[in-house]
Amino acid sequence: MSSPETHRVIDAVWRIESARLIAGLACIVRDVGVAEELAQDALVAALERWPESGIPDNPGAWLMATAKHRAIDLFRRNKLLERKHAEFGRDLEAQQESAVANFETAHEDHIGDDLLRLVFVSCHPVLSREARVALTLRLLGGLTTQEIARAFLVPEQTVAQRIVRAKRTLTEAHVPFEVPRGLDLAARLSSVLEVIYLIFNEGYSATAGEDWMRPALCEDALRLGRVLAGLVPNEPEVHGLVALMEIQASRAHARVGPAGDPILLLDQDRTRWDHVLVRRGLAALQRAEALGGALGPHALQAAIAACHARARSPAETDWQRIAALYDALAQLMPSPVVELNRAVAVSMAFGPEAGLEIIDILAAEPSLKAYHLLPSVRGDLLAKLRRFPEAREEFERAAALTQNVRERNLLDRARACGASSGL
Amino acid sequence: MKFMMIVRATKDSEAGIMPTEELISAMGKYNEELMKAGVLLDLSGLQPSSKGARIRFSAGKRTIIDGPFVETKELIAGYWIIQVKSREEAIEWAKRAPAPFEDQECEIEIRQFFEMDDFAPSEAVDRMRERRREFEKTSPSTSFRA
């Protein structure tokens with residue numbers, strides 16, 4: 001096997017093994033930063049040796065054994081230091097003794113627990129949002145610094161610094177390598193879900209990016225979500241998030257036409273949706289609901305997406321259910337954008353007048369002042385009510401608010417068809 | 001990227017001989033591993049070709065041919081669909097599968113799905129990407145977003 005070929009295989013092995021490796025090591029050394037460095041050392045050793053020796057039969061075990069050797073070396077060195085610096089104290093020594101003993105007892109069964117600890121530490125609130133994202137992709141997604149940098153369109157140096165600083169912050173803050181309990185768990189879990197969904201959205205809204213890495217981010221996020229669902233199978237919101245991501249990802253291929261036009265949800269060719277992902281999404285939603293989580297924020301959004309996924313044609317869309325779900329969502333996390341979507345759903349379910357009532361309340365919302373979709377939706381509803389002069393005014397306002405030529409084309413189309421599918 | 005890992009049929013699978021307890025348990029463990037790693041999308045075993053049929057398209061005609069089919073090694077006995085980072089990763093996962101028919105010689109074939117990115121770069125594709133990006137920047141919410 002040629003050296004570049006071996007390197008690609010090592011990349012693949014790393015992708016599969018790195019999270020478990022780092023998690024297992026972190027459990028022993030109780031420091032995520034040190035664990036990651038040990039894992040990296042093992043990777044470097046593999047890159048040196050495997051091109052000549054060939055890939056071992058069990059590459060994961062090889063990496064773990066190598067990293068453990070390095071860890072023992074590190075402990076011994078530290079112990080020497082300890083003798084020189086008495087302030088390290090006996091506690092630490094005892095801790096390290098037991099840690100070395102742990103090497104022998106560390107068991108495959110615990111790896112799930114270790115991974116979960118690693119998830120919570122990577123998404124710890126002591127870290128900035130950017131740091132959580134970078135650390136999660138690096139430690140759990142097995143991405144290189146370079147890959148993360150390309151995915152987020154920032155210089156590699158920036159990501160490298162973010163990760164170094166994040167690891168230092170975790171060490172300095174003495175963040176324990178553990179799974180939070182009780183009330184803390186809910187808050188910490190929602191931080192984890194936020195990080196995963198941020199990664200997904202970065203990829204999803206940039207599926208258009210010229211860089212191939214960006215669509216891959218959706219897959220990274222989905223993979224993390226699925227892993228997490230396996231680790232905490234009784235947390236409904238995790239399944240809700242996975243459901244939401246699976247269903248959104250299922251539409252990736254149908255979102256764009258042959259001429260390059262964005263295709264709106266209701267205009268998409270539904271046969272081009274990835275029905276394996278749809279089915280997975282619906283199943284995940286069912287799990288969330290069965291666990292009593294139907295009203296969680298992610299589960300609600302997934303349920304809305306599922307209404308569209310279940311409809312074989314736009315005409316079959318259950319708009320009353322979507323309106324009810326938006327109602328629940330608006331109560332749970334009120335926002336003008338949710339409200340605008342609710343207005344559209346309500347208009348589809350109960351007629352344009354009902355939608356217009358909601359829009360008119362929204363019109364006073366300062367955060368939507370410059371938001372062209374508000375007049376655009378209002379124009380649609382007015383046109384449906386045959387109040388054409390008012391509708392034209394709204395469309396003109398919408399067009400004035402968008403400088404983008406293509407957006408204007410979209411508005412022209414919306415105007416021409418007079419349909420409220422303009423969202 | 002998505003890959004299908006295809007298990008080729010053998011004489012036994014075509015004869016409808018069920019796998020041993022050991023193999024079933026090893027497969028279960030392997031499937032669980034795929035699932036825990038977040039890469040498994042779908043999987044299934046297929047019944048012998050004697051229960052299947054072929055529809056032949058020739059000169060505008062459709063002819064039904066009932067199974068079984070003789071060229072055993074060309075047949076499919078089961079598949080996994082996985083979503084991974086690279087072809088190498090797909091191969092790495094396939095290598096870790098238990099031998100599908102234990103001691104019998106057999107093969108797992110790996111095939112990549114077509115993705116959006118597989119279309120050759122062209123002006124139209126670039127334009128499409130640019131439009132999508134601009135469009136999505138201004139799209140309001142998750143569910144109505146195209």
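Okay, let's start with strand β4 of chain B, residues 61-66: it is hardly covered, and of its 6 residues the number that are buried is 0. By "buried" I mean that 20 or more other C-beta atoms lie within 10 Å of a residue's own; 12 or fewer makes it exposed, in between is partly exposed, and the C-beta atoms are placed from the backbone. And "strand" here means a DSSP run of E with at least two residues, while a helix is a run of H or I with at least four, both numbered from the N terminus.

Quick housekeeping. This is a predicted model, so local features need pLDDT of at least 70 and side-chain atom pairs count only at pLDDT 80 or more, though totals for chains, interfaces and linings use all residues. Residues are numbered from 1 along each chain as its sequence is written, and chains are lettered from A and ligands numbered from 1 in the order in which they are written.

Back to β4(B). What joins it to strand β3 of chain B, residues 53-58? There are 6 bridges, and the two strands run antiparallel; for a pair, DSSP has to find at least two bridges. Across that pairing, I55(B) sits opposite I64(B) in β4(B). Together β3(B) and β4(B) make a hairpin with 2 residues between them, and A59(B), in the turn, has a positive phi of about 45°.

Staying in chain B, have a look at G78(B), which is in strand β5, residues 76-83. Setting aside neighbours within four places in sequence, G78(B) is in contact with V7(B), S44(B), G45(B) and L46(B), where contact means C-beta atoms, placed from the backbone, within 7 Å. Also, Q47(B) is 31 residues from G78(B) in sequence, yet their C-alpha atoms are 8.4 Å apart in space.

Zooming out, chain B has 4 helices and 6 strands, in the order β-α-α-β-β-β-β-α-β-α from the N terminus. Of its 146 residues, 23% count as buried. Take the chain B contacts between residues at least 6 apart in sequence: 72% of them join residues at least 24 apart.

Now chain A, with 19 helices and 0 strands. Here 47% of the 423 residues count as buried. For the contacts at least 6 apart in sequence, 62% join residues at least 24 apart.

Which domains does chain A have? The assignment, which is automatic or from a database, gives domain 1 (1-106), domain 2 (110-232) and domain 3 (243-252 + 268-317). Where domains 1 and 2 of chain A touch, domain 1 puts in 16 residues and domain 2 puts in 15 residues. On the domain 1 side, α1 (3-29) and α2 of chain A each supply at least two residues, and α1(A) gives the most, with 10 residues.

Last one: helix packing. In general, two packed helices are described by the angle between their axes and the distance between the axes. In chain A, the axes of α2 (residues 32-53) and α8 (residues 156-172) come within 8 Å and cross at roughly 135°. Therefore α2(A) is oblique to α8(A): under 35 degrees would be roughly parallel, over 145 roughly antiparallel, 65 to 115 roughly perpendicular, and the rest is oblique. The axes are lines fitted to C-alpha atoms, for helices over the stretch in contact, with angles from 0 to 180 degrees between N-to-C directions. The contact is made by V32(A), G33(A) and E36(A) of α2(A) with K167(A), R168(A), L170(A) and T171(A) of α8(A).

Key
Contact = placed C-beta atoms within 7 Å.
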